[in-house]
Amino acid sequence: MTIATAPTVSVTKLGARIGARVDNVRLGGDLDAASVDVIRRALLEHKVVFFRGQDHLTEDGQYEFAELLGTPTTPHPTVTSHGEKSLAIDSEYGRANSWHTDVTFVDRIPVDRIPKASILRAVTLPAYGGSTTWASTVAAYESLPEPLKLLAENLRAVHTNVYDYAAAHGAKARPNTAEYRAEFESTYYETEHPVVRVHPETGEKALLVGHFVKHFAGLSGAESQALFRLFQDRVTRLENTVRWNWQLGDVAIWDNRATQHYAVDDYDGQPRRLTRITLAGDVPVGVDGVASTVIAGNAEHYSIIEEVSRAA
């Protein structure tokens, strides 16, 4: 008698520095521990992993799967009207077409942390366009010459949820954008992070910048802008990126401690909607062992602080 066995989960590398596709897996809260471990290890190695054919997944199933990888946060520290379990990434309310690491502005008394990972599920997609690009901030750091590595390791940057939105996104207004923006900025946050953080599980060093950076601590605005461009341009070099063309049923998971991402606004006025669940993270720590610090705001309602041990 032949006994049917499930196909082995496979991981296919998509780029030299970032990205992999995971096949032969059905995501959900009932996923077996061995498959979860494969996904967890693939995420640490490849920074962002993609799944096709997850059409069965509902918001509840997405949340239950997320719980296998960590502790979900509330959907967002300031935007509370766009979902209870997941945050609706909806083009009707704005388009995040700017390079960023999620929620780097949040704080938690007496320490601050940014999310560990995010799980994004496609719900409604345009007929064309609407892809998302991720960049490895580990690869960006590793590509720096030694003098710039030393400079970055000795810098700290102030991140805030009130940033130059017009400069990042242009002047083109969209329906409901102003309302969403007002809710996004309804509570003011500022957090000071090391520009180079040490990944708590892999020990890798990564650049922690992105569009929430307000300025570098101790430097003028002009100096901050020059250094921001220097380091941010390293992050977004094409060889450090992977671009995903969404299909219905797709899921993406990315390590928010080692990436930035950019949702490409090239789909005209078509609707685009995805749901995101974010996992609680740890306190960023610099090469010097100094952790991030609170300047303004308190996000204790948003997330626990995860205790992390190095991966085996």
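Start by selecting T101, which sits in the loop between β4 (87-90) and β5 (117-124); helices here are DSSP runs of H or I with at least four residues, strands are runs of E with at least two, and both are numbered from the N terminus. Before going on, note that this is a predicted model, in which local features need pLDDT of at least 70 and side-chain atom pairs count only at pLDDT 80 or more, while totals for chains, interfaces and linings use all residues. Residues are numbered from 1 along each chain as its sequence is written, and side-chain values use heavy atoms, leaving out hydrogens and water.

Stay on T101. With a relative accessible area of 3%, T101 is buried; that word means under 20% relative accessible area, exposed means over 50%, and partly exposed is in between, using a 1.4 Å probe and protein chains only. Show its side chain and you'll find it reaching the backbone oxygen of T259 at 2.7 Å. Now bring up the neighbours: leaving aside residues up to four places away in sequence, T101 touches I114, F212, N256, T259 and Q260, where contact means heavy atoms within 4.5 Å.

Zoom out for a moment. The protein has seven helices and 16 strands, and 54% of its 312 residues count as buried. Of the contacts with a separation of 6 or more, 85% are between residues 24 or more positions apart.

Next, select 33-46 and 59-69, which are helices α1 and α2; their axes come within 10 Å and cross at roughly 75 degrees. Those axes are lines fitted to C-alpha atoms, for helices over the stretch in contact, with angles running from 0 to 180 degrees between N-to-C directions. To see the contact itself, show V36, I39 and R40 on α1 and F65, L68 and L69 on α2.

Keep α2 selected. Its buried residues are G61, Q62, Y63, F65, A66 and L69, and what covers them includes α1, β5, β13 (251-255) and β15 (273-279).

Two loop residues deserve a backbone check. Most residues other than glycine have a negative phi. N24, in the loop between β2 (20-23) and α1, isn't a glycine, yet has a positive phi of about 65 degrees. N24 is partly exposed, at 43% relative accessible area. Then jump to K47, in the loop between α1 and β3 (48-51). K47 isn't a glycine either, and its phi is positive at about 75 degrees, but K47 is buried, with a relative accessible area of 4%.

Another lysine to click on is K149, in helix α4 (residues 146-153). K149 counts as buried at 14% relative accessibility. Leaving out residues up to four places away in sequence, K149 touches Y141, E142 and L144.

Last stop: select 221-235, which is helix α7. Its 15 residues reach 21 Å from first C-alpha to last, close to the 21 Å expected at 1.5 Å a residue; the expected span is 1.5 Å times one less than the number of residues. Colour S224, L227, F228, F231, Q232, R234 and V235, which are buried in α7. Look down the axis of α7 and the buried residues fall within an arc of 145 degrees, so they line one face of the helix; the arc is taken from the directions from the helix axis to the C-beta atoms.

Technical notes: A polar contact is a pair of N or O atoms within 3.5 Å; within protein, one must be able to donate a hydrogen and the other to accept it, and residues adjacent in sequence count only if both atoms are side-chain atoms.
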